[in-house]
Amino acid sequence: MPEADKLKALGLAVINTELDAISALRARIDESFVQACRYLLECQGRIVVIGMGKSGHIGGKIAATLASTGSPAFFVHPGEASHGDLGMITEKDVVIALSNSGETGEIMTILPIIKRLGIPLIALTGRPHSPLAQSANTHLDVSVEKEACPLGLAPTASTTTALVMGDALAIALLESRGFTAEDFALSHPGGNLGRRLLLHVSDIMHTGDDIPKVESSALLSDSLAEMSNKGLGMTAVMDKEKIVGIFTDGDLRRVLSQTIDIHTNKIADFMTVSYKTGQADMLAAEALELMQRYKINALLIADEQQLVGVINMHDLLRAGVV
């Protein structure tokens, strides 16, 4: 078994080689990159990404990143393209072709069809003078001085630079389109970000008979019973239909630390009058920020002074917002 230091040195050598390759890309964010971005921004159809082997895997990731950041895109395997999948490419599309050698056979086979469609072709290759690079409307140089593989065989640094260039394109387009976090969430509704950004307070708040509330004339004992029955750790205090205060578990602890008869004292004498409210149409993430800012565990949801609901931190936890 190799010694630990040897294994660490091998790992660091790979990282350093790939860092050098990525650093070299800085000088290649030039007019060709700008032109590529313009083709993609002007695209009226879809961005079609093609690539074989390891380049194909990178192409698939680039297509997925583009699609999730506001630039509709999909990956087409060039081998399948020559057997019917070329029909997926239309005259309104833009093609991004990845090939480190710039002369991958499967891509070169379908190149005449792409050119015949008259659609922009953006090539990412490691050889600026290769047939693919020369045929492209714009070429992005992703060449590397050497691969991280000591044999110089396994695509390593070259696939990393292609991936980074693809990310650079995607994020440049994202910024140019004014793509927002909420736009991102719309295409990721099942993820945590989607829940945080798309869920509204109205989706999770307690309403109707589930809202704990008592009149300001109620006794402390009656208020505690309401809190126990509703199980939200608080109760709203009302003057008919108007909110006048809130009584929480924290208020209860302060009451119990004193010698107070809960059967003769009224809730109005112990409620918190400087309460915070939210709106039903606000994002759940906004409600969370408000609760964290004021260090409160429950929030009354009101329409002006009309109580329409209530949420607490457990509701936000269950909804995956926290």
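Biologist: Where is threonine 125 found?

Modeller: Threonine 125 sits in strand β4. Keep in mind that this is a predicted model.

Biologist: Is threonine 125 buried or exposed?

Modeller: Threonine 125 is buried, because its relative accessible area is 0%.

Biologist: OK, and what does the side chain of threonine 125 make a polar contact with?

Modeller: The side chain of histidine 139, at 2.6 Å. A polar atom of the threonine 125 side chain also lies 3.1 Å from the backbone oxygen of arginine 127.

Biologist: Which residues is threonine 125 in contact with, leaving aside neighbours within four places in sequence?

Modeller: Among them are Ser99, Asn100, Gly102, Leu132, Ala133 and Val142, and His139 is on that list too.

Biologist: You mentioned arginine 127. What does arginine 127 form a salt bridge with?

Modeller: Glutamate 103, with the closest N and O atoms 3.2 Å apart. Arginine 127 is in the loop between β4 and α6 and glutamate 103 is in the loop between β3 and α5, so the pair ties together parts that are 24 residues apart in sequence.

Biologist: How many salt bridges does the count come to?

Modeller: Seven. One of them joins arginine 254 to aspartate 251, with the closest N and O atoms 2.6 Å apart. Both residues lie in helix α12, three residues apart, about one turn of the helix. Aspartate 251 counts as buried at 4% relative accessibility, while arginine 254 is partly exposed at 48%.

Biologist: And what does arginine 293 pair with in a salt bridge?

Modeller: Glutamate 289, at 2.7 Å between the closest N and O atoms. They both lie in helix α13, four residues apart. Arginine 293 is partly exposed at 45%, and glutamate 289 is partly exposed at 39%.

Biologist: Switching to α5. Where does the kink lie in that helix?

Modeller: At leucine 111, shortly before proline 112, and the kink is about 35°. Leu111 is one of the buried residues of α5, along with Ile107, Ile110 and Ile114.

Biologist: What do the buried residues of α5 pack against?

Modeller: β1, α4, β3, β4 and α6. So threonine 125's strand, β4, is one of the elements they pack against.

Biologist: What follows α5?

Modeller: Glycine 118, whose phi is positive, near 70°.

Biologist: Last one: which residues make the nonpolar surface patch?

Modeller: Leu12, Ile15 and Leu19, with a patch of about 290 Å². Isoleucine 15 lies in helix α1 and is partly exposed at 47% relative accessible area.

Technical notes: Residues are numbered from 1 along each chain as its sequence is written. This is a predicted model: local features need pLDDT of at least 70, side-chain atom pairs count only at pLDDT 80 or more; totals for chains, interfaces and linings use all residues. Side-chain values use heavy atoms; hydrogens and water are left out. Patches are made of residues with over 30% relative accessible area and no salt bridge: like charges are joined within 9 Å, nonpolar side chains (Val, Leu, Ile, Met, Phe, Trp, Tyr) within 5 Å. Accessible areas come from the Shrake-Rupley method with a 1.4 Å probe; for residues, only the protein chains shown count as cover. A salt bridge is a side-chain nitrogen of Lys or Arg within 4 Å of a carboxyl oxygen of Asp or Glu. Helices (H or I, at least four residues) and strands (E, at least two) are DSSP runs, numbered from the N terminus. Buried means under 20% relative accessible area, exposed over 50%, partly exposed in between (1.4 Å probe, protein chains only). The bend at a residue is the angle between axes fitted to the seven residues ending there and the seven starting there. Contact means heavy atoms within 4.5 Å. A polar contact is a pair of N or O atoms within 3.5 Å; within protein, one must be able to donate a hydrogen and the other to accept it, and residues adjacent in sequence count only if both atoms are side-chain atoms.
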